[in-house]
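Good morning. I will take one structure today and go through it piece by piece. Please look at the sequence and the model before I start.

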Amino acid sequence: MSDAGEGPGQAWRQDVFDILKAADVKHIVYVPDAGHSTAIRLANEDNAINSVVLTTEEEGIGYLAGAWLGGERGALLMQSSGVGNCINTLALQTCTRFPLLMVVTMRGDWAEFNGWQNPMGQATERALNLMGVLTWRADEPQDVAPLLRGAASMAFNGDSACALLLGQRLIGEKQWVK
Amino acid sequence: MGEVNAGGALDRREVVKTLLTGRKNLLVVTGLGSPSYDVMAAGDHDNNYYLWAAMGSAAMVGLGLATAKPDHSVLVVTGDGEMLMGMGALATIATRRPANLTIAVLDNGHFGETGMQVSHAGMGVHLDKVAQSCGFGWTREIRDMAGVEDLRTRVSSRDGVKLATIKVKAENPPRLLPPRDGVYVKNRFRAALGHAPI
């Protein structure tokens with residue numbers, strides 16, 4: 001799998017960044033993931049965006065709450081396994097209702113080689129829903145931009161927690177033996 | 001316990017009151033538990049943001065706020081137990097080096113909220129040394145009020161990211177509960193900075 005994001009059918013990788021930028025996101029906080037590599041690279045290169053690498057995903061929820069206290073918007077990029085790390089911390093969003101926008105690359109939902117990814121991957125969407133997070137999922141490249149735009153709108157205009165899940169069919173099968 | 005070197009001799013209420021004396025535009029984030037009560041006891045304020053949950057998040061809320069408001073000084077007041085839970089955040093904060101962020105860890109060496117069990121700090125983990133190792137510009141272990149006074153002046157200097165471990169007595173003073181309505185506290189805080197609700 002190429003992480004460069006330049007190949008055919010990969011324009012959605014650029015779309016993720018462009019939609020966040022258009023939504024006036026000033027903070028992109030992330031735990032690194034190949035599916036997010038284009039958005040992370042573009043965020044790192046953009047002087048108008050604070051790009052923050054985290055040691056664990058729940059740090060991002062605290063950070064974005066703080067940024068919003070200061071009047072600025074942000075988004076959290078992570079993998080489905082990271083959703084598991086965030087569950088208790090989502091109480092912060094639930095109780096203060098700050099805009100929380102998450103973009104989650106999926107593992108363990110299709111063509112997964114590593115079965116250890118399956119338990120969290122299969123629980124990701126329901127776990128988010130249980131904690132009051134609105135979710136959408138994109139499995140086709142053309143769905144990423146409109147779904148993310150809609151999620152951003154509902155997060156920032158409605159003080160809601162919103163997550164777009166990027167399916168493994170979209171990202172492509174991970175090549176384990178090259 | 002006997003030989004456990006946990007906490008110190010300082011009075012946590014006096015420490016926090018001293019740190020907040022003469023505050024002007026200082027923005028304060030509290031970790032859940034006793035630090036919230038201590039900050040409340042020093043006087044409720046529109047520029048206080050109290051955490052009641054999301055344990056381990058106080059320092060990261062401070063980082064996000066400090067990044068969004070570089071023209072303000074941000075002080076995180078938290079406990080050793082809360083900070084231990086988010087120790088990775090010290091690494092994240094060090095990579096960002098926000099010049100206007102100070103973390104004050106009220107270290108009594110115990111988990112005071114849950115029955116005074118000895119904490120990792122009480123067993124010898126030095127959070128100031130962890131922060132120093134991560135790359136914080138200024139770190140201290142403070143054991144006297146002169147050190148607290150010194151920290152108070154540094155909080156407003158905005159000349160580098162700082163963390164102080166302040167050794168306080170292991171005790172639970174009477175609780176003074178800050179507002180628990182998170183939306184109210186959020187909107188009050190934002191309004192004081194000129195940000196309207198949606």
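I begin with helix α1 of chain B, residues 12-20, where 7 of the 9 residues are buried, so the helix is largely enclosed by the rest of the structure. Buried here means under 20% relative accessible area, exposed means over 50%, and partly exposed is in between, with a 1.4 Å probe and protein chains only. Helices are DSSP runs of H or I with at least four residues, strands are DSSP runs of E with at least two, and both are numbered from the N terminus.

Which residues of α1(B) are buried? They are R12(B), R13(B), V15(B), V16(B), T18(B), L19(B) and L20(B). Contact, here and later, means heavy atoms within 4.5 Å.

A word on the source. This is a predicted model, in which local features need pLDDT of at least 70, side-chain atom pairs count only at pLDDT 80 or more, and totals for chains, interfaces and linings use all residues. Residues are numbered from 1 along each chain as its sequence is written, chains are lettered from A and ligands numbered from 1 in the order in which they are written, and side-chain values use heavy atoms, with hydrogens and water left out.

On confidence, chain B has a mean pLDDT of 95, and 97% of its residues reach 70 or more. pLDDT is the predictor's confidence in each residue, from 0 to 100. For the complex, the predictor gives an ipTM of 0.96 and a pTM of 0.96.

Staying in chain B, helix α5 (residues 87-96) packs against helix α6 (residues 127-134) at an angle of about 35°, and their axes are 8 Å apart. Axes are lines fitted to C-alpha atoms, for helices over the stretch in contact, and angles run from 0 to 180 degrees between N-to-C directions. The crossing of α5(B) and α6(B) is right-handed. On the α5(B) side the residues in contact are M87(B), L90(B), A91(B) and A94(B), and they meet L127(B), V130(B), A131(B) and C134(B) of α6(B).

Now chain A, and its sheet. In what order do the strands of the open sheet run? The order is β2-β1-β3-β4-β6-β5, 6 strands with parallel pairing. β2 (50-53) and β5 (134-138) of chain A are the edge strands, each pairing on one side only. From one strand to the next the twist averages 20°. Two strands count as paired if DSSP finds at least two bridges between them. For strands β3 (residues 73-79) and β4 (residues 100-105) of chain A, the parallel pairing runs over 4 bridges. In that pair, L77(A) stands opposite V103(A) of β4(A).

Two helices go with this sheet. Helix α7 (residues 141-158) of chain A packs on the sheet and touches β1, β3, β4, β5 and β6 of chain A, with its direction at about 170° to that of β5(A). Helix α1 (residues 11-22) of chain A lies across β1 (25-30), β3, β4 and β6 (161-166) of chain A, at about 135° to β1(A).

Next, salt bridges: a side-chain nitrogen of Lys or Arg within 4 Å of a carboxyl oxygen of Asp or Glu. Over all chains, the search finds 18. In one of them, R137(A) meets D109(A) at 2.5 Å, N to O. This pair links distant parts of the chain, 28 residues apart: R137(A) is in strand β5, and D109(A) is in the loop between β4 and α6 (118-130) of chain A. R137(A) also meets D139(A), at 3.1 Å. R137(A) is partly exposed at 31% relative accessible area, D109(A) is partly exposed at 22%, and D139(A) is partly exposed at 22%.

Last, backbone angles. Most residues other than glycine have a negative phi. R97(A) has a positive phi of about 50° although it is not a glycine, and R97(A) sits in the loop between α5 (90-96) and β4 of chain A. A111(A), also not a glycine, has a positive phi near 55° and lies in the loop between β4 and α6 of chain A.

Key: A crossing is left-handed if the near helix is turned anticlockwise from the far one by less than a right angle, and right-handed if clockwise.
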